[in-house]
Structure formats: structure tokens, C-alpha cells
Amino acid sequence: MLAFTNLASAIAIAALSTFASASPLQKRTCGKYLDAAKVAASSLQSTYFIGGQYDRAQQWVWISANDNFYLRQLDELTGENTYSNVINTVFAGWDDWFANGGSYDDLLWVVISYLKSGNVDLAKKYYDYVKVAEDSATCGGGIFWSKARDYKNAVTNELYIAASGYMYDVTKEEKYLKTAQDTWAWFKNSGMKSADNGLYNDGLVTATCKNNGQTQWTYNQGVILVGLAYLSKYDPALADEAINQAFGIMDAVIQTMASNNNGLKESCDSATATSNNCNSDQQTFKGILMMYMAWFLQVTGRDSNGKYADFVKNQGDKIMANAVGPAGFYSNVWYAPNQGGAIWNMQTQGSALGGLVAAAMQNC
């Protein structure tokens, strides 16, 4: 991890110059968030995207896939192609791992990233690698998290629904829609959602097929929203159910994970120096939730009197108020001012970028 003071001094001039010289926005929604996102993206890339890649010793491939997604979404908002070449190198050297590695959720992030960048052929290739994870013998359906075939968790199955829906949206090949429908039919009855607060826990106890009660991460509440968005768009029989389910999840997020109009807080987040225990994966989760909420709103055009769009924008405000530092760098602490516990690295930068781009996708 680079020291924050070194980060600021290293690229403050370059980042501020990028901000000052930016071309006029061709497609502007919430301008203050878009302006902040452009500087955050410039800081992320100039500091961490070296030689066409993020340092794989410091950041796993699935996080890089999300960073590319945010950058391409940012390009769509600005009408520019500033980051269109990131996809051409960001996964260089990962082919053997994609074919032989162990985690199917990582592959699905890559599938979504390739679709966002317009490479349908590679998206299909890596999607097909995941098909072998399908299983009905253990807990009745869904897909396994890894090649160990010993765990079925929320995020992997949510990603399978979301990626399948997105694949259908792009290709109009019925097999992808059917996979989304079938996986959702199992997932909604899997028991992974807590009856206490309406949020998804991490996964199932394999021996009993019961909710394991493990941490309710923010991104576990976000990824499924995109799957539900595409089901509502393309399956009339599921449209009302999908919207109602999504609204219920977002209501639970607002009530439980960002109460009293606060910024989102991961259970491991802390503004104080002694108790911030989020690892590099967990530092990315909040940005994913925000992007997938914004993606849901974009696909469906459905909101509850603006409540969810307002929530996304409020998170943008919290990022800009509590997590920001000089030169457009951002920490993992969104919910409160830093009291010495904030973490500053490429994961927190990418997560904040996701949140700012999501806010910029809304109308002001």
C-alpha cells in the first residue's frame, strides 16, 4: 500500500491538470459527481495502472474487472473513449488461470467486464468455463463457488443470474435468459436471504443446505439487482416479482447498511485506527453495490418516488465529504470523517470511483 502523503504529492499536479483541461461534457447528468469521477479515474490509472495492468500482487483479477467496468461506464457518460484500451491489456497473462483457476465468481466478473467493453466472443468463452459449475445434487441447484465444489454462495449465483441476463440483453440468445430464469428460481428459495432483515448472507452450509449466517456484505445485496433488472425486462411473468424483490433488497440496504442517512458501512469498516479490519477484497464491495443499484435503475427505469436514485446520489455526497483526500484519492471510509482508520489504496480508489460513477448516472 502506498502512503497517502506520497500519493498526494506524486500526482496532485497531474490530476488537477487533467481536471482543468477536460473537454466539454457531451453527455452530462449529475455534473459534480461526474467531475469527481473523472479526477478519481485519472488518479487510479496514473498511479496504479502501470504497463497496462494493475499490480496482480496487490489486486486480484476480479477487482480489475470491476475497475474496467467503471471506466467504461465513465466513458459512456462523457461520450469519450479515454479508457477504451484498458480491456486490451488488463487481463494479459491471466488466460491459464481463467481456464484452470479455481473461482467461478472471478470468471463471471471478467465476463461482465468483456461484455461492457464490447468483446462478446471472449465474454462467451469465459462464460462457458463457468457452465461446469452447475449442479443440482447439492442443495437442489445453483452453481458452486469454485472447482472444489464444496460451497454454494450468494455472490457467485447472483453473478450467474446477472451475467446471464446481460448476455441475453447483448446477444438475444435464449439459452442465456433460460439460465438466468432457472438460477433465479433456485436462488430465491435457497435460504441465503435472512428472514430477519431481508439481506443476503454469504452462503449455505453444504451439509445442511441452510443459511450459514456469515457476513452480509454490501455487494451481496447489489449484484442480484442486475439479474432482477434483466428478468423484469425480458420475462413478463417475472416482471412484478423481480421489481418487488429488488425494491425490498434496496430498502433493506438503506435501513440496515446506511441508517440515519449515513454513508454505507461495511461491517469491517471503521473510521478509527484500531478497528479497521477490511481486507483488499472487502474494500471494494461498496462501489459494486452502488454501481449495480445504478445499473438496475438504468435498465428498469423503476424507482420508488426517486428514493433509490437519491440514495445513490447521497452515497456520492458521502464519498466526496468523508472519503476524499488531495488529488482525487479516496479511502474506504464513507460513513464518517476519517479518525485515523481510513485505508488508501487501489481497491478503495476503485470502489469510490464506482460509487461516483453510479451517482453521476442519476439525474440532478
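I call a crossing left-handed if the near helix is turned anticlockwise from the far one by less than a right angle, and right-handed if clockwise. Helices here are DSSP runs (H or I, at least four residues), numbered from the N terminus.

This is a predicted model, where local features need pLDDT of at least 70, side-chain atom pairs count only at pLDDT 80 or more, and totals for chains, interfaces and linings use all residues. Residues are numbered from 1 along each chain as its sequence is written, and side-chain values use heavy atoms, with hydrogens and water left out.

**Entry: α8 and α9.** I looked up how helix α8 (residues 154–171) meets helix α9 (residues 174–187). Their axes (lines fitted to C-alpha atoms over the stretch in contact) come within 8 Å and cross at roughly 155°. The pair is therefore roughly antiparallel (angles over 145 degrees, on a scale of 0 to 180 between N-to-C directions). The crossing is left-handed. Contact means heavy atoms within 4.5 Å. I noted Y160, I161 and Y168 of α8 and L177, W184 and F187 of α9 among the residues making it.

**Entry: I319.** I found I319 in helix α13 (residues 307–323). I319 counts as buried because its relative accessibility is 0% (buried is under 20% relative accessible area, 1.4 Å probe, protein chains only). Leaving out residues up to four places away in sequence, I319 touches V324, Y330, W334, A352, G355 and L356.

**Entry: T47.** T47 sits in helix α2 (residues 31–48). T47 is buried too, at 16% relative accessibility.

How values were computed:
Helix = DSSP H or I, 4+ residues; strand = E, 2+ residues; numbered from the N terminus. Buried < 20%, exposed > 50% of the residue type's maximum accessible area, 1.4 Å probe, protein only. Parallel < 35°, antiparallel > 145°, perpendicular 65-115°, else oblique.
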